[in-house]
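Please look over the following notes alongside the model. They take a few places one at a time.

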Amino acid sequence: MPTPTDTDSTDSDSPDADYTVTPYDVEGDIDYAHLVESFGADALTDAQVRAFPVDHPLVRRRIFYAGRDIDAFTAAARADETHSLVTGRGPSGPMHLGNVLPFYFAKAVQDATGAHVYIPFSDDEKHLLKDQSLESIAGHTRENLRDVLAVGFDPAKTKVVVDTADADVVYPLAAAFSKAITQSTVDATYGDPETVGLSFYPAVQTAHLLLPQLVHGRHATLVPIAVDQDPHVRVSRDVAAKARYEVNKPGALLSEFLSSLDGPGKMSSSSDAPSIGLSDDPDTVREKLHQHAYSGGRSSLEEHREHGGDPSVDVAFQYLRFFFEPDDDRLRDLAAGYEAGDLLSGELKDAAADRISDFLERHQERRAALGDLGDELDAYRLTDGERDAALSRAGYPMDAVVRG
Ligand code: TRP
């Protein structure tokens, strides 16, 4: 029986919008509320924030501002039933602050609830999408893996999957799921991909999003990710709804983008705007903030003292709000001081630089303490039994002589 699809109308760049958001392209001045509406996701409610299994600034402050099926995840986590998070990385360059936040969020959830965390690396996607050789992408994959491992996930509960390195499981799953994804869905959702590779890739990301359930059996999965990835979630939900797979539709927790230093928009490693890298030292962080961070302050000291600044557009303040000042009272004091003109733009930047540098120093210490990448990764790879379970739940016969 045909299942209703929720991927038919996906157009964020409708005639009345002056921005484009697809997984393959983010441009313009994003209207986040409008975007979620056009994607068909739900705004996050107060009740969902209160019930969420961890009290985290990204949720409490509505940086994660929308989602799909969040209640099912919350209920499973609270009932101590199997539940999982999937958050991946497209290794197209060195990771910056914005890229690493979903991983630290996933770690916080895992610490609180024992969630399984699945971390797919879409090296295939980034080779297809960017003008970069396989060799260059492989280099970023290795470096990004070290950053992800530095977050400190529990190896007993965490799986890292690299598309080209774990192709024995990723490819058969993607091939099976690709049959349930039509070309017209892909065109409508991703805006006419240029190559067959990019047309096929949604089947690969669907494999990522369904993988925890294929390994552990049907359960609630949540994908905490920036809103540009929601189309992938929708496609995976359509596939999950097909009767032949014993899986629930993955849920989503969708965030705004951490803005680039020069103002609102996606903090992209491929734009010209500077971004704060995970290997930046304190002086570099301070200098980047002072030189490049868009300020909500007034143009002269006198004016600032008299009229105050605007924290809502101030990039240093927004970094503190997103993640780096977890204490709500202190955040409120900073905003109040800035609005009153007592706190100067440079002082706000110093506060942000301090917090960000503290965070980075701890990240860098854990990263430096890692040994050989292959050895470290071993603890996080799918076992043979898990690979077999996933293929079998996707419908592959396990007695095939050609395997192994
Ligand atoms: N496509 C994502 C990106 O471009 C990376 C990614 C791959 C991912 N698989 C995922 C993100 C699964 C979340 C969940 O950044």
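**Notes on the predicted model**

1. Asp-80 sits in the loop that joins helix H4 (70–78) to strand S5 (83–86). Helices (H or I, at least four residues) and strands (E, at least two) are DSSP runs, numbered from the N terminus. Asp-80 has a relative accessible area of 64% and is therefore exposed; buried means under 20%, exposed over 50%, and partly exposed in between, with a 1.4 Å probe and protein chains only. The phi angle of Asp-80 is near 60°, a positive value in a residue other than glycine.

2. On the basis of the note: this is a predicted model, in which local features need pLDDT of at least 70 and side-chain atom pairs count only at pLDDT 80 or more, while totals for chains, interfaces and linings use all residues. Residues are numbered from 1 along each chain as its sequence is written, and side-chain values use heavy atoms, with hydrogens and water left out.

3. The average pLDDT of the protein is 91, and 92% of the residues score at least 70; pLDDT is the predictor's confidence in each residue, from 0 to 100. Residues 1–13 have pLDDT below 50, and this stretch has 31 contacts in the model beyond near neighbours in sequence. Contact means heavy atoms within 4.5 Å. Where pLDDT is low, the predicted coordinates should not be read in detail.

4. Asp-192 also deserves a look at its backbone: its phi is near 45°, a positive value in a residue other than glycine. Asp-192 is placed in the loop between helix H9 (183–190) and helix H10 (196–216). With 54% relative accessibility, Asp-192 counts as exposed.

5. How do helices H7 and H16 pack, and at what angle? Helix H7 (residues 134–150) meets helix H16 (residues 345–368) at about 110°, with the axes 8 Å apart. Axes are lines fitted to C-alpha atoms, for helices over the stretch in contact, and angles run from 0 to 180 degrees between N-to-C directions. H7 is therefore roughly perpendicular to H16; angles under 35 degrees count as roughly parallel, over 145 as roughly antiparallel, 65 to 115 as roughly perpendicular and the rest as oblique. Glu-143, Arg-146, Asp-147 and Ala-150 of H7 make the contact with His-363, Arg-366 and Arg-367 of H16. By class, this contact has 1 nonpolar, 1 polar and 5 charged residues. Ala, Val, Leu, Ile, Met, Phe, Trp, Tyr, Cys and Pro count as nonpolar, Asp, Glu, Lys and Arg as charged, and the others, Gly among them, as polar.

6. Helix H5 (residues 97–113) and helix H14 (residues 315–324) have axes that come within 11 Å and cross at roughly 20°, so H5 and H14 are roughly parallel to each other. Leu-97, Leu-101 and Tyr-104 of H5 touch Tyr-319, Phe-322, Phe-323 and Phe-324 of H14. The contact of H5 with H14 has 7 nonpolar, no polar and no charged residues.

7. Ser-236 lies in helix H11 (residues 230–241) and is buried, with a relative accessible area of 0%. Not counting residues up to four places away in sequence, Ser-236 touches Thr-206, Leu-209, Leu-210 and Pro-250.

8. Val-247 belongs to the loop between H11 and S9 and counts as buried at 6% relative accessibility. Leaving aside neighbours within four places in sequence, Val-247 contacts Leu-210, Gln-213, Leu-214, Arg-218 and Ala-240.
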